[in-house]
Amino acid sequence: MTDHTLAGSSVLIAGGAKNLGGLIARQAARAGANVAIHFNSDASRAAAEETLAAVREAGVKGALFQGDLTVPANVARLFADAEAAIGTIDVAVNTVGKVLRKPIIETTEEEYDSMFDINAKAAYFFIQEAGRHLADGGKIITIVTSLLAAFTDGYSTYAGGKSPVEHFTRAAAKEFADRGISVTAVAPGPMDTPFFYGQETPERVKFHKSQAMGNQLTRIEDIAPIVGFLATDGWWITGQTIFANGGYTTR
């Protein structure tokens, strides 16, 4: 994509049914990209179909794929099927994640395994398959969390599970550099989505809002354009974690 636009390109979005992933899918389609939308569970199917309809209404190709990305074979199949449906993938975006706020002494082994499988393992093999399938000059973007720069309680398995993605990103940026593929991570602040509210009390929500500009949480509309920039004109940024959180925290 030497012209640094999305027109005529193909974009794969893991977790692309709703919320941030759904918005990225819609914006990519409006920018002229063909879009492959991944979703995990049947609970997201209706939202995924709505997003697919919106993509197609933009006049581009759209395709829908379901799968549990904690299984590497499913990740490999996702890339192969997406490539067959919309062409060689130019941009691969992974928004998949699971949030848990729970004290360490109460966290079970099952919860630990689930959090690291979804937040780290799936991300690793998504980057691996992207490295195998992406066109030269492609872009790989993973959504992480600003908790990677925070010092707080309760989120040991969420921040812990996302933190390896920084190192995956750095290694991949070096390993894929000779093909012109940039690899980045975007770390939003606490986001105004159902994933956040299910973990927090009203008092903590108020505190989180107070830490950012405008006394507000990060919105999906704040993050999607950054993903779009990294996928186009921001191609020279690679190996980085970008903390996009309205001043909530930094390193």
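1. Contact here means heavy atoms within 4.5 Å. By that criterion, and not counting residues up to four places away in sequence, S156 touches K102, I104 and G161. S156 belongs to helix α5, residues 156-175; helices are DSSP runs of H or I with at least four residues, strands are E runs of at least two, and both are numbered from the N terminus. S156 counts as partly exposed because its relative accessibility is 33%; buried means under 20% relative accessible area, exposed over 50%, and partly exposed in between (1.4 Å probe, protein chains only).

2. On the basis of these remarks: this is a predicted model, in which local features need pLDDT of at least 70 and side-chain atom pairs count only at pLDDT 80 or more, while totals for chains, interfaces and linings use all residues. Residues are numbered from 1 along each chain as its sequence is written, and side-chain values use heavy atoms, with hydrogens and water left out.

3. The sheet. An open sheet is formed by 7 strands in the order β3-β2-β1-β4-β5-β6-β7, with parallel pairing. Two strands pair if DSSP finds at least two bridges between them. The edges are taken by β3 (62-66) and β7 (241-244), each with a single partner strand, so one side of each has no neighbour in the sheet. On average, neighbouring strands are turned by 15° against each other, direction ignored. Axes are lines fitted to C-alpha atoms, for helices over the stretch in contact, and angles run from 0 to 180 degrees between N-to-C directions.

4. In β5 (residues 139-143), 5 of its 5 residues are buried. Side chains in a regular strand alternate between the two faces of the sheet. Here K139, I141 and I143 lie on one side and I140 and T142 on the other, and both faces are covered. β5 pairs with β4 (residues 91-94) in the parallel sense over 4 bridges. Within that pairing, N94 stands opposite T142.

5. Strand β6. β6 (residues 182-188) is joined to β7 by 4 bridges, and the two run parallel. The bridge partner of A185 in β7 is T241. T184 is also in β6, and at 2% relative accessibility T184 counts as buried. Leaving aside neighbours within four places in sequence, T184 is in contact with residues including I140, I141 and T142, as well as T169, L230 and I237.

6. Helices α1 and α2. The axes of α1 (residues 19-30) and α2 (residues 45-57) come within 8 Å and cross at roughly 15°. That makes α1 roughly parallel to α2; angles under 35 degrees count as roughly parallel, over 145 as roughly antiparallel, 65 to 115 as roughly perpendicular and the rest as oblique. G22, A25, R26 and A29 of α1 meet E50, T51, A54 and V55 of α2. The crossing of α1 past α2 is right-handed, a crossing being left-handed if the near helix is turned anticlockwise from the far one by less than a right angle, and right-handed if clockwise. α2 also lies across β2 (34-39) and β3, running at about 165° to β3.

7. Helices α1 and α8. α1 packs with α8 (residues 220-230) at an angle of about 50°, their axes 9 Å apart. α1 is therefore oblique to α8. This crossing is right-handed. On α1 the contact residues are N19, L20, L23, I24 and Q27; on α8 they are I220, E221, I223, A224, P225 and V227.

8. A58. This residue is in the loop between α2 and β3. A58 is partly exposed, with a relative accessible area of 35%. A58 touches A29 and R30, not counting residues up to four places away in sequence. The C-alpha atoms of A58 and A29 are 5.9 Å apart, although the two are 29 residues apart in sequence.

9. Aromatic pairs. The whole structure holds 6 aromatic pairs. The rings of W235 and W236 have centres 5.2 Å apart and planes at 65°, so this pair is edge-to-face. Rings of Phe, Tyr and Trp (its six-membered ring) pair if their centres lie within 6.5 Å; planes under 30 degrees apart count as stacked, over 60 as edge-to-face and the rest as tilted. W235 is partly exposed at 34% relative accessibility, whereas W236 is exposed at 70%. Ring pairs also link Y124, F125 and F168 into a cluster.
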